[in-house]
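Subject: Structure handover

Hi,

Here is the structure I promised you. Please open it alongside this email, and my notes follow below.

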Amino acid sequence: MTDKEHQLQVACVRWFKLQYPKSIIYAVPNGGARNVIVAAKLKAEGVLAGVPDLFVAEAQNGFHGLYIEMKVKPNRLSNHQKRIIPILQDKGYYVSVCYTLEEFIDAIRTYFSTAPFS
């Protein structure tokens, strides 16, 4: 995760916690440079490349929860992310990729107001 992505994600999580204080949002710490030993330990513990950065643990309108992948331009989805996101969607999760705080806010509001599996 770049420093810009870090700053964006922090702003998004802060906004969410203020707007939805009774809901749970948490980070999935998949990214970042790690040495070989730490990477092997994390993989053995179940860390899976491609899982989005954030998860909102609240079933809503027929979805089991919301995954959000945070990006800043010009960054794009990795091949792992391109493979994992459709799998999560097929399993009943809402997934959004956000490049700005505004896109994050829109994704959250859409998730909490969307019709089942639309």
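This is a predicted model: local features need pLDDT of at least 70, side-chain atom pairs count only at pLDDT 80 or more; totals for chains, interfaces and linings use all residues.

Asn 61 sits in the loop that links β2 and β3. Its phi is positive, about 50°, although Asn 61 is not a glycine. Most residues other than glycine have a negative phi, and most peptide bonds are trans.

There is also a cis peptide bond. It runs from Lys 73 to Pro 74, with omega near 15°. Pro 74 belongs to the loop between β3 and α3.

Is Lys 71 buried or exposed? Lys 71 counts as buried, because its relative accessibility is 9% and the cut-off for buried is under 20%.

What does the side chain of Lys 71 meet in a salt bridge? The partner is the side chain of Glu 69, at 3.6 Å from N to O. The count of salt bridges comes to one. Glu 69 is buried as well, with a relative accessible area of 3%.

Lys 71 has other polar partners. Its side chain reaches the backbone oxygen of Arg 76 at 3.4 Å. The side chain of Lys 71 also makes a polar contact of 3.2 Å with the side chain of Gln 81. Beyond residues up to four places away in sequence, Lys 71 touches Glu 5, Leu 8, Arg 76, Leu 77, Gln 81, Val 97, Cys 98 and Tyr 99.

**Strands β3 and β4**

Glu 69 stands opposite Val 97, a residue of β4. Strand β3 covers residues 66-70, and five bridges join it to β4. The two strands run parallel. To get from β3 to β4, the chain passes through helix α3, residues 79-90. This β-α-β crossover is right-handed.

How much of β4 is buried? Four of its five residues are, so the strand, residues 94-98, is mostly covered, given the cut-off of under 20% relative accessible area.

Helix α3 holds Ile 85. Ile 85 is buried, at 9% relative accessible area. Its contacts, not counting residues up to four places away in sequence, are Pro 52, Leu 77, Val 95 and Val 97. Ile 85 and Val 97 are twelve residues apart along the chain, and their C-alpha atoms are separated by 9.6 Å.

**The nonpolar cores**

The largest nonpolar core has 22 residues. Which residues have the most contacts inside it? They are Phe 16, Ile 68, Met 70, Phe 104 and Ile 108. The elements that give two or more residues to this core are α1 (3-19), β2 (54-56), β3, β4 and α4 (101-113). Helix α4 gives the largest share, six residues.

Take Phe 104 as a way in. Leaving aside neighbours within four places in sequence, Phe 104 is in contact with Cys 12, Trp 15, Phe 16, Ile 25, Leu 54, Ile 68, Met 70 and Cys 98.

Phe 55 is in strand β2. Phe 55 is buried, with a relative accessible area of 9%. The C-alpha atoms of Phe 55 and Leu 66 are separated by 5.6 Å, and these residues are eleven apart along the chain. Leaving aside neighbours within four places in sequence, Phe 55 is in contact with Ile 24, Ile 25, Tyr 26, His 64, Gly 65, Leu 66, Tyr 67 and Tyr 93.

Ser 23 lies in the loop between α1 and β1 (25-27). At 18% relative accessibility, Ser 23 counts as buried, because the cut-off is under 20%. Its side chain and that of Glu 58 are joined by a polar contact of 2.6 Å. Ser 23 touches Phe 16, Glu 58 and Phe 112, not counting residues up to four places away in sequence.

Best wishes

Notes:
Residues are numbered from 1 along each chain as its sequence is written. Side-chain values use heavy atoms; hydrogens and water are left out. Buried means under 20% relative accessible area, exposed over 50%, partly exposed in between (1.4 Å probe, protein chains only). Two strands pair if DSSP finds at least two bridges between them. A crossover is right-handed if, with the strands pointing away from the viewer, the path from the first strand over the helix to the second runs clockwise. A nonpolar core is a set of buried Ala, Val, Leu, Ile, Met, Phe, Trp, Tyr and Cys residues joined through side-chain atoms within 4.5 Å. Contact means heavy atoms within 4.5 Å. A polar contact is a pair of N or O atoms within 3.5 Å; within protein, one must be able to donate a hydrogen and the other to accept it, and residues adjacent in sequence count only if both atoms are side-chain atoms. A salt bridge is a side-chain nitrogen of Lys or Arg within 4 Å of a carboxyl oxygen of Asp or Glu.
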